[in-house]
Amino acid sequence: FGIGWPEQTKTRIGGDNMMDYFAVEGGRPLEGRVFVHGAKNSALPLLAATLLADGESVLHNCPDLTDISAALGILSGLGCRVRREGATVMVDPTCRRGHTIPDELMGQMRASVLFLGSLLARDGEAVACWPGGCALGARPIDLHIRAFQALGAQVRSWNGRLSFYGPRLHGRRLALPIPSVGATENAMLAACGAQGITVIDNPAREPEIVDLQGFLRSMGAQVSGAGTGEITIQGGCRLHAGEYTVMADRIVAATYLCAVAAAGGEGELLGTQGEDLGPVLAALEAAGCETGRAPNRLWIRRRGPLGGVGSLCTGPYPAFPTDAQPLLAAALAGGTGKSRITETIFDRRFRYTEGLCAMGAAIQVEGDTAYILGRPLHGAQVAATDLRGGAALTVAALGAQGPSRIWGLDHVDRGYEGLETALAALGGNIRRETGP
Ligand code: EPZ
């Protein structure tokens, strides 16, 4: 099974390799309540930002995921003192040493690239291998590199490694040709170490960017404009330890909403009120669900059949999020309507539809568009090819008639803290089991 298979999904019995899988008995409506844990895609840049502080920073509502463990591994590998008490993580970089991100962690998690910006800002130097490939197609980091160069860093590439050197970064205006989430975050982190003002034009506007601004501010950084079309950073000053509560994971919330849409019934989500899920809630309502919100609560109900959404396009925030595209498609596939979903962010984000078709889905993928003709699904044995794809197969299995097994949980465990426990709390018949 290759390198980096997280131990918790592989149990050795008698020396044979046994693997975890989800055993799902679908076809019955859900009813339950579940807490939405902290956002992976906010916690990751925040953990990178802890390197900038003089002293121990504290992050609350930090999810316990394999990607977060990988990020904590990078920090402790750099000599930081890392502690976790429940959902609170403490990172003290005082005894930090070195500035190289380990190859195996760079390969396991693309988001390791976010440590380059904070290492460059703090130490003026960073080394890493090229980030690992991903099931979502080519995922270059040219915009990250160009941002570092624009701030004054020299970049060298040799035998698969990248080294950045910039002991005296200087602030300037950076215009991103596309609103890349990671490039925006890396530019913000590097700019904290650049003398003077940095202005990022056309940044990503995702809520996770606003979270990063909030944490940096708690460290004394002068950052403004996150969530808008222009972010300004006054860099070059020392930052003290910060304390921050990570936002709820909006894609995990979307997963739970789509599970209820797929299986029918009703579910209540705690810890979020869906203020950053507008397009997802609108799509689910267009397909026939009812939703409602109250402070820190979000509910969804589906009594009648699930229809289609007509034509829908993913895009940078505040458009429909690419990460929720597989989850919505999984619910619609088992419905009764027609839908056309166009993916504009990643060039290979429909691989999960092979698993849906194994469950009887009528889905045709042509280029960047998936055409879905909803119809009843049946259980099947399927394997995840990526994080949200694995969650999508699980969502579909809850709405399918009969038993399913979903393999490849190493992908799912990267972004969900006990997905099976959460879906069981919503009333789903799902267990994590081990088999050959
Ligand atoms: C972040 O990835 C998220 N990951 C992704 O979530 C999410 O799908 C994506 O943003 C879009 O919202 C984390 O935050 C850890 P991008 P990122 O840079 O930063 C191209 C999940 O499931 N691009 O906004 O890698 C790129 O190829 C993951 O949790 C360049 O061309 O996304 C893509 O087509 C999946 N050059 C587009 O921009 C670059 O230098 C958007 O990518 C960088 C990106």
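Analyst: A polar contact is a pair of N or O atoms within 3.5 Å; within protein, one must be able to donate a hydrogen and the other to accept it, and residues adjacent in sequence count only if both atoms are side-chain atoms. Here an oxygen atom of the ligand sits 2.8 Å from a polar backbone atom of Leu143. From Arg110, a polar side-chain atom lies 2.9 Å from an oxygen atom of the ligand. The ligand alone exposes 820 Å², and the protein buries 85% of that; such areas come from the Shrake-Rupley method with a 1.4 Å probe, and for residues only the protein chains shown count as cover.

A note on the source: this is a predicted model, where local features need pLDDT of at least 70, side-chain atom pairs count only at pLDDT 80 or more, and totals for chains, interfaces and linings use all residues. Residues are numbered from 1 along each chain as its sequence is written, and side-chain values use heavy atoms, with hydrogens and water left out.

User: Which elements give two or more residues to the shell around the ligand?
Analyst: Helices (H or I, at least four residues) and strands (E, at least two) are DSSP runs, numbered from the N terminus. The elements that give two or more residues to the shell are α1 (40–49), α5 (142–150), α6 (181–191) and α12 (387–399). α5 gives the most, with three residues.

User: How many residues surround the ligand, and which are the closest?
Analyst: A residue is near a molecule or strand if one of its heavy atoms lies within 4 Å of it. The ligand has 23 residues around it, the closest being Asp142, Leu143, Ser180, Asp323 and Ile345. By class, 11 are nonpolar, five polar and seven charged. Nonpolar covers Ala, Val, Leu, Ile, Met, Phe, Trp, Tyr, Cys and Pro; charged covers Asp, Glu, Lys and Arg; the others, Gly among them, are polar.

User: What should I look for in the backbone?
Analyst: Most residues other than glycine have a negative phi, and most peptide bonds are trans. Tyr317 and Pro318 are joined by a cis peptide bond, with omega about 10 degrees. Pro318 sits in the loop between β20 (310–313) and α10 (325–333).

User: Where does Asn159 lie, and is it buried or exposed?
Analyst: Buried means under 20% relative accessible area, exposed over 50%, partly exposed in between (1.4 Å probe, protein chains only). Asn159 lies in the loop between β9 (154–158) and β10 (161–165). Its phi is positive, near 30 degrees. Asn159 counts as exposed because its relative accessibility is 67%. Asn202 also has a positive phi, about 60 degrees. At 33% relative accessibility, Asn202 is partly exposed.

User: Why is α7 largely enclosed by the rest of the structure?
Analyst: Nine of its 12 residues are buried, so α7 is largely enclosed. Among them are Pro207, Ile209, Leu212 and Phe215.

User: Which residues does Met219 touch?
Analyst: Contact means heavy atoms within 4.5 Å. Not counting residues up to four places away in sequence, Met219 touches Ala49, Leu52, Ala53, Leu239, His240, Ala241 and Gly242. Met219 is found in the loop between α7 and β13 (222–224). At 0% relative accessibility, Met219 is buried.
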